Amino acid sequence: MKKLRNIKPGQRKRERREATAALQKQAAAFLDHAQECCVCTTPFERTQETVSSWHVSVIEGRVRLACPDCWDLVKQTVEKEQ
Ligand SMILES: [Zn+2]
């Protein structure tokens with residue numbers, strides 16, 4: 001019987017996880033030089049609080065930073081686009 005699938009079970013999942021990890025790394029690196037919310041341009045001051053309350057998302061390969069107030073808006077937009 002000819003083997004049709006070369007991909008091992010679980011490989012796709014792993015690739016996906018690696019891609020997500022890479023994006024998260026990119027997003028974390030972005031926080032080091034992020035300056036403002038991409039929606040309302042509130043200045044981003046890096047503190048423990050902002051790091052946990054502000055959101056970084058990768059949309060179409062671009063990293064966006066959003067303050068807690070704008071995050072809902074950004075999230076809605078992303079969900080609509082997907
Ligand atoms: Zn904002």
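This report describes the fold, the strand pairing and one cysteine of a predicted model.

## Overall fold

The protein contains three helices and two strands, and these elements follow the order α-α-β-β-α when read along the sequence. Of the 82 residues in the protein, 7% are buried. Where contacts between residues at least 6 apart in sequence are considered, 49% of them join residues that are at least 24 apart.

## The strand pair

Strand β1, which spans residues 55-59, pairs with strand β2, which spans residues 62-66, and the two run in the antiparallel sense with five bridges between them. Within this pairing, V56 has L65 of β2 standing opposite.

The two strands form a hairpin in which two residues lie between β1 and β2, and E60, located in the turn, takes a positive phi of about 50°.

C37 is found in the loop that lies between α1 (11-33) and α2 (48-53). This residue counts as buried because 21 other C-beta atoms lie within 10 Å, where the cut-off for a buried residue is 20 or more.

Leaving aside residues up to four places away in sequence, C37 touches T42, F44, L65, A66, C67 and C70. Among them is L65, the residue of β2 that stands opposite V56, and A66 also belongs to the span 62-66 of strand β2. C37 and D69 are separated by 32 residues in sequence, while their C-alpha atoms are 9.6 Å apart in space.

Conventions: Residues numbered from 1 in each chain as written. Predicted model: local features only at pLDDT ≥ 70, side-chain atom pairs only at ≥ 80, totals over all residues. Pairing = 2+ DSSP bridges. Helix = DSSP H or I, 4+ residues; strand = E, 2+ residues; numbered from the N terminus. Buried ≥ 20, exposed ≤ 12 C-beta atoms within 10 Å, placed from the backbone. Contact = placed C-beta atoms within 7 Å.
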